[in-house]
Amino acid sequence: MIGDDHPVRRAAQRFVLVVGAGALGAAVCSTGVRYAGPEDDEALRLRNAPTPAAREIGPAETEALTLLRRAAAAQSVTSYEGRKLFGSWSTVGSESVLAEVGHEPGRGTWLRVTSAGARGDADREQIADGAGDLDEQALALLTDQYTLKVGERRRCIGRPATVVEATPIGGRQVAGRFWIDDDSGLLLRRELYDATGRTVRSSSFLDLDVTAPATGPRRGLPASYNNGVKVPRQRSAEREADASLLGEATLDRMRREGWVLPEVLPAGMVLYRARAVDVPGDEKAVHLTYSDGLFSASLFAQRGRLDTSALRGFRPDKVGNVAVHSRNGLYRQLVWAGGDTVYTLVSDAPDTELKQVIGALPHDTPGSGLRARVGRGIDRMGSWINPFA
Amino acid sequence: MTASRRDPHLGELAAALVDGALDHNARDRALAHVMRCDGCRTEVDAQRQLKAQLARLAPPPLSADFAERLRALPDRTPVQSAVGLPSARFEARFRTPARVGGDTLGDRVLNPRTPGRAPAPVLVRAADRPVDRPSFPRPAGVPIGRGPGRRVRSRRRRIAATAAGGFAAFALSLGAVAVVGALDEPPPVAPQIGQFLTEHDQGTKGMPGNDSEVGVVDATSTRR
């Protein structure tokens with residue numbers, strides 16, 4: 001009989017306690033090393049607004065929509081040169097850039113920054129010509145979340161212009177205004193506002209020289225427009241031809257592999273386009289474009305750990321409770337890590353909306369570098385003993 | 001002590017008596033003999049005088065060489081090293097009270113055993129016992145070193161050892177999984193901000209609120 005004080009019994013008790021402590025520690029690690037944020041896409045889906053469905057629009061909105069489409073079409077058929085001022089305002093500061101711009105149909109747009117700080121001999125940046133029409137899905141998003149209205153006619157840089165306003169459905173504060181040149185149909189000024197009415201983004205011509213005006217009726221509808229009664233959701237021919245686009249099946253497969261690729265984000269941001277982007281290295285980046293029809297956000301996801309040494313012009317910041325690296329340009333640029341993925345967000349949305357968006361995406365808690373490493377170690381060691389892993 | 005029995009003389013124990021090197025039992029017996037034996041009393045007195053004279057002498061100067069050699073000696077004496085006992089325990093042997101009727105050196109000299117006869121009992125008063133540690137009441141029947149206090153201390157020691165072992169096991173486990181996790185550490189990623197800005201413009205082409213030049217302007221500023 002082994003008594004209470006028997007060395008063998010004491011050694012056995014000690015062994016059980018020691019192993020128990022180790023197992024308890026491992027269990028704590030395995031449950032505590034996960035990154036903060038949503039655990040899967042389903043959480044995001046449930047939390048956010050439903051996928052927008054096209055709604056019926058009346059004649060007043062149809063006219064506004066027609067003007068917007070005319071502006072998009074004029075961009076591709078009108079030659080012009082001018083100076084343009086870009087501005088952005090946020091809680092962390094403001095940015096304004098002056099640039100010379102010019103456009104030739106079929107050859108695209110050129111641009112040269114002339115703001116203070118830019119090199120005098122700076123090369124022109126070339127921008128490829130667009131399709132010249134508004135995307136049908138983007139219009140569906142816009143009309144589903146905003147009401148459109150043709151405002152009063154005003155003069156802008158000495159030219160007669162018609163103002164189109166976009167107001168959130170159920171809201172009273174205008175979220176966006178567009179000044180459309182009556183003569184050329186070009187967009188002369190564009191302003192976006194936050195929920196309090198403060199301007200957050202603007203781009204406006206300071207002067208404009210239309211060298212080859214567009215031909216055709218001033219307010220004629222593009223042939224692709226179906227009279228605006230009900231805007232269908234369909235992909236443009238350009239998007240269908242893009243081999244880098246990621247379809248629903250590919251996105252679903254990637255989600256099963258652990259990628260967090262939400263269909264919907266807060267602030268009414270709906271996944272609008274998904275692409276695989278070539279970047280230096282072995283793996284491609286996933287580029288998800290979200291929009292509510294007016295504001296937009298691009299989320300880039302890359303597998304790896306964040307190397308902040310290459311981030312020029314960024315500074316450590318906090319958006320809500322999330323530690324990020326931010327740069328306040330014309331677009332808000334935010335970079336952060338969530339698990340084994342690095343996220344980069346580029347957006348023109350107001351700070352309040354961005355705060356909601358980032359809070360809903362995966363993000364590491366402070367000091368989780370070691371914990372993430374421990375988590376990977378537990379996962380790997382668990383796979384050794386799990387025959388189904 | 002019987003009258004018919006004659007105590008042996010102190011002999012070499014006289015110096016030990018003067019030096020206080022005898023345990024209390026031997027000392028009492030030696031003192032009792034000195035009271036009765038003139039020769040030994042003279043011997044003891046001579047030893048005391050010699051010791052007093054030596055004490056009055058100035059200590060001899062310590063040569064630097066000797067001091068160096070003393071410092072070079074190991075902490076343990078050869079006896080300690082040979083026996084392999086901790087020094088504290090080694091010293092405790094000298095402090096252990098002599099057993100009544102025991103066979104210490106003094107006992108063997110002062111109370112020699114006769115064949116077939118048990119050693120003569122010596123009564124020692126409690127006040128004469130050397131007091132070098134506090135005495136705690138020990139329940140009857142409980143052997144030395146097995147009391148409830150020792151049991152509590154032992155249990156605490158076991159708990160502390162187990163906790164330390166558990167902590168060490170946890171730290172080792174944590175270190176092991178961290179090392180394994182480092183093997184799976186993903187590659188560093190430096191986001192291509194300039195490229196992403198233009199990609200954003202490309203991705204938002206055809207949107208009513210989009211201005212396809214903004215991203216290019218931003219990308220230009222990232223290169224400045």
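Biologist: Which residue is the bridge partner of Gly338(A) in S18(A)?
Modeller: In this predicted model, Gly338(A) is bridged to Thr341(A). S17(A), residues 332-338, and S18(A) run antiparallel and are joined by seven bridges.

Biologist: And how many residues lie between the strands of that hairpin?
Modeller: Two residues sit between S17(A) and S18(A), and Gly339(A) there has a positive phi near 65°.

Biologist: What about S13(A), how does that strand pair with S18(A)?
Modeller: S13(A), residues 296-303, pairs with S18(A) in the antiparallel sense, over seven bridges. Within that pairing, Ala301(A) has Tyr343(A) as its bridge partner.

Biologist: Is S18(A) buried or exposed, then?
Modeller: Seven of its seven residues, 341-347, are buried, so S18(A) is largely enclosed by the rest of the structure.

Biologist: Which residues cover each face?
Modeller: One side has Thr341(A), Tyr343(A), Leu345(A) and Ser347(A), the other Val342(A), Thr344(A) and Val346(A), and all are buried. In a regular strand, side chains alternate between the two faces of the sheet.

Biologist: Switching topic: what is the strand order in the nine-strand sheet?
Modeller: In chain A the order is S4-S3-S2-S1-S9-S8-S7-S6-S5, an open sheet with antiparallel pairing. S4(A) and S5(A) stand at the edges with a single partner strand each, so one side of each has no neighbour in the sheet. On average, neighbouring strands are turned by 20° against each other, direction ignored.

Biologist: How many bridges join S3(A) to S4(A)?
Modeller: Three, running antiparallel; Leu111(A) has Glu125(A) in S4(A) as its bridge partner.

Biologist: Which strands does helix H3(A) lie across?
Modeller: H3(A), residues 59-77, lies across S5, S6, S7 and S8 of chain A, at about 60° to S5(A).

Conventions. Residues are numbered from 1 along each chain as its sequence is written. Chains are lettered from A and ligands numbered from 1 in the order in which they are written. This is a predicted model: local features need pLDDT of at least 70, side-chain atom pairs count only at pLDDT 80 or more; totals for chains, interfaces and linings use all residues. A residue is buried if 20 or more other C-beta atoms lie within 10 Å of its own, exposed if 12 or fewer, and partly exposed in between; C-beta atoms are placed from the backbone. Helices (H or I, at least four residues) and strands (E, at least two) are DSSP runs, numbered from the N terminus. Two strands pair if DSSP finds at least two bridges between them. Axes are lines fitted to C-alpha atoms, for helices over the stretch in contact, and angles run from 0 to 180 degrees between N-to-C directions. Two residues are in contact if their C-beta atoms, placed from the backbone, lie within 7 Å.
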